[in-house]
Amino acid sequence: MRLKKIKNADEIVENSRYTINRPYQYKGKWNVEVFQNQHEIQIEIGCGRGNFIIAMAQKHPEINFVGVEMQSSALVKAVNKLAVLDMPLPNLRLICFNAMNLGEVFDGEISCIYLNFSDPWPKKRHWKRRLTSEVFLTVYDSLFIDTCNIIQKTDNNDFFDFSMESLENYGYQLLDVSRDYNAEDNVETEYESKFRKDGIKINYGKYTKEKN
Ligand SMILES: C[S@@+](CC[C@H](N)C(=O)[O-])C[C@H]1O[C@@H](n2cnc3c(N)ncnc32)[C@H](O)[C@@H]1O
């Protein structure tokens, strides 16, 4: 996502009640110290401006959510949306963090990772940057509780094919797939809404793997 640099974005993000500024402090303690309940924790990696993760937190108060985004210029939009909500969301937190280092933040605590419209990095030489490459799948292993669950949506067919092969080679099993996803209970992301308006079909893949 190419973004205009927003003045004071870092500061605004840091000062939000939803932001966890030193997330590695809570490694292994998210349920007890952050959410103060034993509900499952799901994360979206690359949550951008937060449309999906905020809507999910509103729809599922019984689940804890963490939005992970490395660009404060995107996350600031999520923070601003949250600041004007009528009802606060105790089940949502945001972290401004590179997913490559998530092993420093969670330890056997996550039940599901959402990868929504992740950057496809189409050039072959950039394959390691794709959030479904083996490099990232290795990082994700230690985050999950027992079963590793990944749900992906993307407009990009080549990236979807790459992801399917990468996940299956890594030991994930494909549970559900659609090349034109239109589930009734779908929660749209910001990018998804734009693609759907342009008539672009959405790929959906749901994967699972037992933790090693
Ligand atoms: C194309 S946007 C999609 C945003 C949102 N998920 C949606 O569907 O509307 C991808 C986002 O992923 C973020 N991102 C890419 N690589 C990341 C990484 N390694 N760690 C955290 N965020 C990342 C980018 O900064 C960008 O905001």
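Visitor: Which residues come nearest to the ligand?
Guide: Gly46, Gly48, Ala99, Phe117 and Thr189 come nearest, out of 21 residues around the ligand. A residue is near a molecule if its C-beta atom, placed from the backbone, lies within 6 Å of it. This is a predicted model, where local features need pLDDT of at least 70, side-chain atom pairs count only at pLDDT 80 or more, and totals for chains, interfaces and linings use all residues. Residues are numbered from 1 along each chain as its sequence is written.

Visitor: And which elements give two or more residues to that shell?
Guide: Strand S2 (64-69) and helix H7 (190-197) do, with H7 giving the largest share, 3 residues. Helices (H or I, at least four residues) and strands (E, at least two) are DSSP runs, numbered from the N terminus.

Visitor: Switching to S1: is strand S1 mostly covered or uncovered?
Guide: Mostly covered: 5 of the 5 residues in S1 (residues 41-45) are buried, meaning 20 or more other C-beta atoms lie within 10 Å of their own, with C-beta atoms placed from the backbone. Ile41, Ile43 and Ile45 sit on one side of S1, with Gln42 and Glu44 on the other.

Visitor: What does S1 pair with?
Guide: S1 runs parallel to S2 over 5 bridges, and Ile41 stands opposite Asn64 of S2. Strand S4 (residues 110-116) is also parallel to S1, joined by 4 bridges; there, Glu44 has Tyr114 as its bridge partner. Strands pair if DSSP finds at least two bridges between them.

Visitor: Which helix goes with S1 and S2 in the β-α-β unit?
Guide: Helix H3 (residues 51-59), and the unit is right-handed: with the strands pointing away from the viewer, the path from the first strand over the helix to the second runs clockwise.

How values were computed:
A residue is buried if 20 or more other C-beta atoms lie within 10 Å of its own, exposed if 12 or fewer, and partly exposed in between; C-beta atoms are placed from the backbone.
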